[in-house]
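Open the model in your viewer and keep the sequence panel beside it. The tour moves from one selection to the next and says what is there.

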Amino acid sequence: MTGEDTQDSSDGGAQDGADDPDVETDGGAVGPGDGRDDAGFAPAEPTAGEDFEPVQVFPDEETMDLRPGADDCYKCSTCDVNCPVAEVDDDFPGPKFQGPEQWRLKQNEEDYDVDESITSCSNCMRCDDACPSGVPLSQMHNEARGEFVREEMSLLSPKYWRNRILANYRVSAQVASVVPRLANAAMNFGPARWVMEKTLGVTSEREFPEFAEQTFREWWTARGGAAASRQNAREARQRRGDPVDADRRVAYFHGCYANYNTPEVAKALVRVYEHFGYELVVPEQRCSGTPMFANGMLSDARRDAEVNVSSLADLVDRGYDAVCSCTSCSMAIRQEYPELFDFEGTGEVAGSTFEALEYLRINEDLRGELADASVDGFDDLAYHAPCHARNQGLSRQAVELFRELDGVAVEDVGDSCSGISGTYGWKAEKYDVSMEIGEEMFEHMEDAPGETGLTECPTCSMQMEHGTGYEIRHPLEVIEEALVDDRVGV
């Protein structure tokens, strides 16, 4: 399979179809009626085959050069101390070497090859948050991984193809979702898992997440799309005593996992936002790129990011904000896109993108409403803040929000990394390291009251369930249960 083959296979899926807010016609629905009559989305064509080219991040330099950032590193080693991989793997040289030191070697030594240990970085990005000097560590890591894959990794090796398949989860999920029951049975068939571990190096220790029988986008379309959301939001504004014509419009970037595996999370976001009177649109979108960054597949990431930026920039220009239910997706759009890509509108989209709870906390009295509400049917919750939530300053929001919610108690299980880091913990050679990193979180969860976990990250959710056997929920599901009485389009 070539890069073009991969692209072709991803272009034909219905899930990529645009959900146009202005020309919505499903079920006879009408447009927004606010005078906007333009044609809607016009996302750029994917750039399959074009190589990734790093952006210039230091304006005083004429060529791509991260040395000014590398020179800000005074080797305090705070990044190494906060690296969850270095904590359990004595052979891993840590983010200080992977970033500034390796960058200096790369610049000063002719024919310097990126060290293979860069593939042991899990891209948790805790080093960015820890660095007191603002060194762009994860950006250096992403570019080093990309160079390693381009120049040193054999395109014929099983590891390359394993990583590429894992990084392009959206493509395989799109195929599997056509026959979800068959895919669920096949992917967790013991001999098939054994073969995948022996041939590709995908660990057989984990069970594959189930594919939903109806994707979120299928549900969204059947429900009436943007026109139905607009109607629901208007009715909600009327009930709340808010102006019916209030300008409350958001674009939902659901990501791959909420579409194919946990549509209940995406549905909860839709209902909660409509409860507060927001009209939603679900634009054309592809993978946020997080698993591609982590595997050095930067040309693949560039291809999908261009579509995402184009779709979202079109909406941002019209006054929409973008919200994500996955903290890794919001992290990618807000930080990694501007660091790695220079598409038109990248900065504007990054500046208008928010994590879903964060957005409601900024714009609504979410905590006040939850303090007057109650929930039934939830066990006490053991909350884990994903690394990518911490990097956005969102590590305590779920605990603070649910502190006064009647009917459930929430306990923070500490600041340890879950260890799975997206595709990292799915690799056979990384599985033991992944579980060792997660051990502290597992112990804290088991010490906490209740046997239900809570987190915003889908892969942290996998690790929490795998390590404890607990059921894992998303904070949006708790808010939906507390605040939404009339669940339209269930």
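How many helices and strands does the secondary structure of the protein come to? The count is 26 helices and 8 strands. Helices here are DSSP runs of H or I with at least four residues, strands are runs of E with at least two, and both are numbered from the N terminus. The model is predicted, so local features need pLDDT of at least 70 and side-chain atom pairs count only at pLDDT 80 or more, while totals for chains, interfaces and linings use all residues. Residues are numbered from 1 along each chain as its sequence is written, and side-chain values use heavy atoms, with hydrogens and water left out.

**The whole chain**

Show all residues. Of the 490 residues of the protein, 58% count as buried. Buried means under 20% relative accessible area, exposed means over 50%, and partly exposed is in between, with a 1.4 Å probe and protein chains only. Now consider contacts, meaning heavy atoms within 4.5 Å. Among those between residues at least 6 apart in sequence, 77% join residues at least 24 apart.

**The sheet**

Select β1 (249-253), β2 (279-281), β3 (321-324) and β4 (353-355). They make an open sheet of 4 strands in the order β2-β1-β3-β4, with parallel pairing. Two strands pair if DSSP finds at least two bridges between them. The edge strands are β2 and β4, each of which pairs on one side only. Neighbouring strands of this sheet are turned by 35 degrees against each other on average, direction ignored. Axes are lines fitted to C-alpha atoms, for helices over the stretch in contact, and angles run from 0 to 180 degrees between N-to-C directions.

Zoom in on β1 and β2, which pair in the parallel sense over 3 bridges. Arginine 249 stands opposite glutamate 279 in β2.

**Helix α12**

Select residues 216-223. Which residues of helix α12 are buried? They are Phe216, Arg217, Trp219, Trp220 and Arg223. Seen down the axis of α12, these buried residues fall within an arc of 160 degrees, so they line one face of the helix. The arc is that of the directions from the helix axis to the C-beta atoms. An α-helix has 3.6 residues a turn, so residues three or four places apart point the same way.

The buried residues of α12 pack against α13 (225-240), β1, α14 (255-260), α15 (263-275) and β2. Glycine 224 follows α12 and has a positive phi, near 120 degrees.

**The nonpolar cores**

A nonpolar core is a set of buried Ala, Val, Leu, Ile, Met, Phe, Trp, Tyr and Cys residues joined through side-chain atoms within 4.5 Å. Which residues touch the most other members of the largest core? Of its 87 residues, these are Tyr273, Leu370, Phe402 and Leu405. Helix α17 (residues 298-317) gives the largest share of this core, 8 residues. Apart from it lies another core, of 11 residues, among them Met445, Ala448, Tyr470 and Ile472.

Select leucine 405 and show its surroundings. Not counting residues up to four places away in sequence, leucine 405 touches Leu370, Ala373, Ser374, Val375, Val478 and Ala482.

**Salt bridges**

The structure holds 24 salt bridges. A salt bridge is a side-chain nitrogen of Lys or Arg within 4 Å of a carboxyl oxygen of Asp or Glu.

Select aspartate 304 and arginine 303, whose side chains meet in a salt bridge of 2.9 Å, N to O. Are these two buried or exposed? Aspartate 304 is buried, with a relative accessible area of 0%, and arginine 303 is buried, with 2%. Both belong to a network of salt bridges that links Arg164, Arg170, Asp300, Arg303 and Asp304.

Next, select aspartate 412 and arginine 396, which meet in a salt bridge of 3.3 Å, N to O. Aspartate 412 lies in strand β6 (residues 410-412) and arginine 396 in the loop between α22 (387-390) and α23 (397-402), so the pair ties together parts that are 16 residues apart in sequence. Aspartate 412 is partly exposed at 24% relative accessibility, and arginine 396 is partly exposed at 35%.

**Two loop residues**

Select methionine 125, in the loop between α5 (95-108) and α6 (126-130). Methionine 125 has a positive phi of about 70 degrees although it is not a glycine, and it is buried, with a relative accessible area of 2%. End at lysine 75, in the loop between α2 (67-71) and α3 (78-81). Lysine 75 is not a glycine, yet its phi is positive, about 60 degrees.
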